[in-house]
Amino acid sequence: MNILYVTSEAVPFCKTGGLADVAGSLPQSLAANGDRVSVILPLYQSVADAWRDRLHFERYTYVRLAWRSLYCGLFSYERQGVTWYFVDNEQYFKRPELYGYYDDAERYVFFSRAVLEMLKYIQFKPQVINSNDWQCALIPVYYDLFYRNAGGCYDNIKHVFTIHNIGYQGQYGLDLVKDIVGIPPHKVNIIEYDGDINFMKGAIEVADKVTTVSPTYAKEILDPWFSHGLDRILVSKQYKTCGFLNGIDTEMYNPETDSGIAANFSAKDHKGKAACKSAIFNEFGMPEYKIPLLAMISRFADHKGFDLVRAVFDDIIATDMQVVILGSGESQYEEFFQNMHWRYPDKVGFYRGFNTGLAKRIYAGADMFLMPSKSEPCGLAQMISARYGTIPIVRATGGLKDSIVDYGDNGIGFTFQSYNAHDMLGAIQRAKEAYDNRMSWGRLVTRAMKADFSWAQSAKLYIGLYKELCGE
């Protein structure tokens with residue numbers, strides 16, 4: 001099959017969140033099955049010169065944006081069986097950050113039109129276009145309105161739209177329709193929702209299939225509690241909605257070969273993990289006690305469950321464990337964890353910000369990893385922590401529910417159901433009790449490290465979906 005994967009970010013080129021990890025790994029797994037796969041994304045300023053030097057200039061053209069035409073360059077790069085295309089326009093993409101600008105709507109309208117326009121000029125006719133999140137949501141809409149009957153390379157393309165986080169939908173005022181979006185007035189209903197335009201709603205309306213990043217999340221977003229207002233359209237389109245659990249790059253996250261951790265270890269031999277734990281205490285300037293080390297690595301936001309953590313933090317420390325936290329976000333949580341470090345300097349380590357190398361070292365050195373999310377479409381941190389033998393403690397929601405089976409059911413972690421601080425504390429206390437039984441804990445670590453979180457199974461599900469759409 002010929003598959004075009006469209007994303008607003010992807011490792012190793014640019015990243016703000018989990019979408020980049022997915023876009024950097026899934027296409028390679030699809031290509032490993034023998035399918036032809038291309039990925040297209042913007043050429044941001046943050047794409048490092050080391051990558052830019054390898055790009056091949058394909059051509060330039062002009063892309064129509066409502067009433068005007070704008071320059072668009074196209075570059076390509078072959079990597080690990082995948083052809084990567086980069087859309088260039090310095091007005092929109094030569095900026096320090098990927099998102100967060102007043103004209104984000106205009107930037108990704110341009111990108112969506114550019115993706116479809118460039119199909120005329122590349123040696124690749126996709127059978128399926130898989131667009132991701134709101135930044136790419138207008139691609140199936142524009143195809144349906146302007147390209148479906150254009151013939152040639154546009155004949156019979158099927159569209160899959162993947163929701164990674166329904167909290168970000170691309171919602172803007174109707175005044176953008178004429179000058180930016182460029183949709184005919186009699187077709188505005190496709191993207192109109194609750195008195196505004198909503199890019200994600202448009203994709204849900206017209207795409208052939210809508211996927212999410214876990215089976216449980218596909219069900220949860222039918223509920224107003226999780227849907228951020230889109231439950232009405234999702235319920236009406238649930239016949240074409242499904243969820244496939246994400247995977248992780250098991251070579252990038254491999255404790256047997258990872259050169260960035262203090263010592264290597266495996267599911268058969270855990271000895272190196274003790275050295276990794278000692279290295280974390282040295283890095284944070286903390287004494288090492290013979291008690292469990294609990295880790296958290298995350299953006300600091302309410303929906304990540306940090307209000308629960310704050311409510312019972314003293315009780316967590318009283319459970320007799322040490323804690324390290326890596327992250328940044330809402331100032332209330334940054335200040336709280338800084339204060340906890342000052343209150344418990346020998347028990348709590350805090351790093352404000354994000355550091356990829358330190359994150360890996362924490363995954364390798366901690367004993368437990370806490371993710372008490374209010375909602376979590378998929379989550380990758382719980383899979384990465386298990387890969388490094390750091391036992392996940394999670395709330396059973398979204399992808400956390402689909403990936404982590406509770407220890408009591410011969411699983412690989414500890415789960416709690418209700419969004420309640422004391423239920424979370426109970427799961428932490430169960431983990432502490434299991435840790436104190438060193439023989440059973442060792443078996444739990446082995447099970448966690450052997451869990452298969454590779455992309456192989458997910459890639460098969462995506463290929464199956466693509467083939468179904470194309471009648472193969």
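This report describes the sheet, a helix packed on it, and the aromatic contacts of a predicted model.

## The sheet

An open sheet is built from nine strands, arranged in the order β3-β4-β5-β2-β1-β6-β7-β11-β12, with mixed pairing. Its edges are formed by β3 (56-65) and β12 (241-243), each of which pairs on one side only. On average, neighbouring strands are turned by 25° against each other, direction ignored.

Within this sheet, strands β6 (residues 128-132) and β7 (residues 158-163) run parallel and are joined by five bridges. V128 has K158 in β7 as its bridge partner.

## Helix α1 on the sheet

Helix α1 (residues 18-32) packs on the sheet and touches β1 (2-6), β2 (36-42), β4 (68-79), β5 (82-88) and β6. The direction of α1 makes about 140° with that of β5.

## Aromatic pairs

The structure holds 35 aromatic pairs. One of them is formed by F13 and F86, an edge-to-face pair with 5.1 Å from centre to centre and 85° between the planes. F13 lies in the loop between β1 and α1, whereas F86 belongs to strand β5, so the pair ties together parts that are 73 residues apart in sequence. F13 counts as buried because its relative accessibility is 3%; F86, at 0%, also counts as buried.

Ring pairs also link Y44, Y92, F93, Y99, Y108, F110, W134, Y172 and F199 into a cluster.

## Charges over rings

Two arginines are placed over tyrosine rings. R113 lies over the face of Y142, 5.0 Å from the ring centre. The charged end of R438 sits over the ring of Y435, at 4.2 Å from its centre.

Key:
Residues numbered from 1 in each chain as written. Predicted model: local features only at pLDDT ≥ 70, side-chain atom pairs only at ≥ 80, totals over all residues. Heavy atoms only, no water. Pairing = 2+ DSSP bridges. Helix = DSSP H or I, 4+ residues; strand = E, 2+ residues; numbered from the N terminus. Axes fitted to C-alpha atoms, helices over the stretch in contact; angles between N-to-C directions. Contact = heavy atoms within 4.5 Å. Phe/Tyr/Trp six-rings, centres within 6.5 Å; stacked < 30°, edge-to-face > 60°. Buried < 20%, exposed > 50% of the residue type's maximum accessible area, 1.4 Å probe, protein only. Lys NZ or Arg CZ within 6 Å of the ring centre and 35° of its normal.
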